Amino acid sequence: MNVSVLSFSQKLTAYKIYLILGALFIASLVVSNLIFQKFFYWDFFGLYTFEISVGILPYPITFLITDLISEIYGKRKANQIVTAGIFASLFSLLIIYVAAMVPATGWSPINDTLFDKVFGATPIAVLASMMAYLFAQYIDIQIFHFWKKFTKGKHLWLRNNFSTFFSQFIDTCTVLLLLCSFGKIEWQLFGKLLIGGFLFKILVAALDTPLLYLGVYFFKSKFNLKTGEEINLDLS
């Protein structure tokens with residue numbers, strides 16, 4: 001691994017950007033677990049009709065961010081963000097559990113029944129998401145860095161798409177297996193949701209490649225990074 005030599009002020013700026021990316025990552029992950037019970041359809045130019053959960057909408061953002069962090073800050077920092085996302089999801093689950101336990105007032109716009117209907121399946125969603133999350137994100141990072149090393153830091157599109165395609169299949173399959181096993185989704189919908197979810201994630205992964213190139217270009221220009229160089233956030 002080639003590490004770029006930055007000044008103290010440059011490292012501070014890079015660290016602030018890292019925190020912002022981490023915040024966006026965690027927000028996307030937590031929100032995807034909260035809104036997953038609504039499903040929608042999307043007719044893709046008459047070629048295919050997607051039937052997927054709205055929880056899938058912010059989720060591809062997490063893979064874009066981990067790929068960007070992997071490329072610029074290295075594998076260790078990417079894994080740290082993934083771990084932080086686990087704790088954030090578990091903490092959000094605790095907050096929802098406490099909120100469900102306290103009784104609603106008679107004049108509350110949202111009563112206990114409605115609250116439980118919307119958030120009652122969240123624990124199962126978080127469990128399913130965490131299992132899939134652990135497998136998919138860590139695999140994504142490992143594959144990304146394998147291709148980065150194999151290509152000597154070149155062909156960013158290759159490692160971005162190859163790592164995301166494989167990890168997204170694992171993610172989609174694991175989530176659906178757990179949700180169907182716990183009775184939150186009927187087994188007869190498994191195949192349709194697996195194909196639709198995976199194809200949608202592949203499509204988004206292909207479309208976000210220019211965004212990844214733009215992000216990498218920004219970092220290389222701002223911090224004068226060479227091909228394959230990474231930023232070391234150690235402030236010592």
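In which helix is Asn-79 found, and is Asn-79 buried or exposed?

Analyst: Asn-79 is found in helix H3, which covers residues 75-101. The model under discussion is a predicted one. Asn-79 has a relative accessibility of 19%, and it therefore counts as buried, because the limit for that class is under 20%. Leaving aside residues up to four places away in sequence, Asn-79 touches Tyr-138 and Ile-141.

The surroundings of this residue may now be described. The protein contains eight helices and four strands. Along the sequence these elements follow the order β-α-β-β-α-α-α-α-α-α-α-β. The protein has 236 residues, of which 46% count as buried; Asn-79 belongs to that class.

Another helix, H7, can be described in similar detail. Helix H7 runs over residues 190-207 and has 18 residues. At 1.5 Å a residue it should span 26 Å, and its end C-alpha atoms are 26 Å apart, so the two values agree. The expected value is 1.5 Å times one less than the number of residues. Buried residues in H7 include Phe-190, Leu-193, Leu-194 and Phe-200. Gly-196, Gly-197, Lys-201 and Ala-205 of H7 are buried as well.

Definitions and conventions: Residues numbered from 1 in each chain as written. Predicted model: local features only at pLDDT ≥ 70, side-chain atom pairs only at ≥ 80, totals over all residues. Heavy atoms only, no water. Helix = DSSP H or I, 4+ residues; strand = E, 2+ residues; numbered from the N terminus. Buried < 20%, exposed > 50% of the residue type's maximum accessible area, 1.4 Å probe, protein only. Contact = heavy atoms within 4.5 Å.
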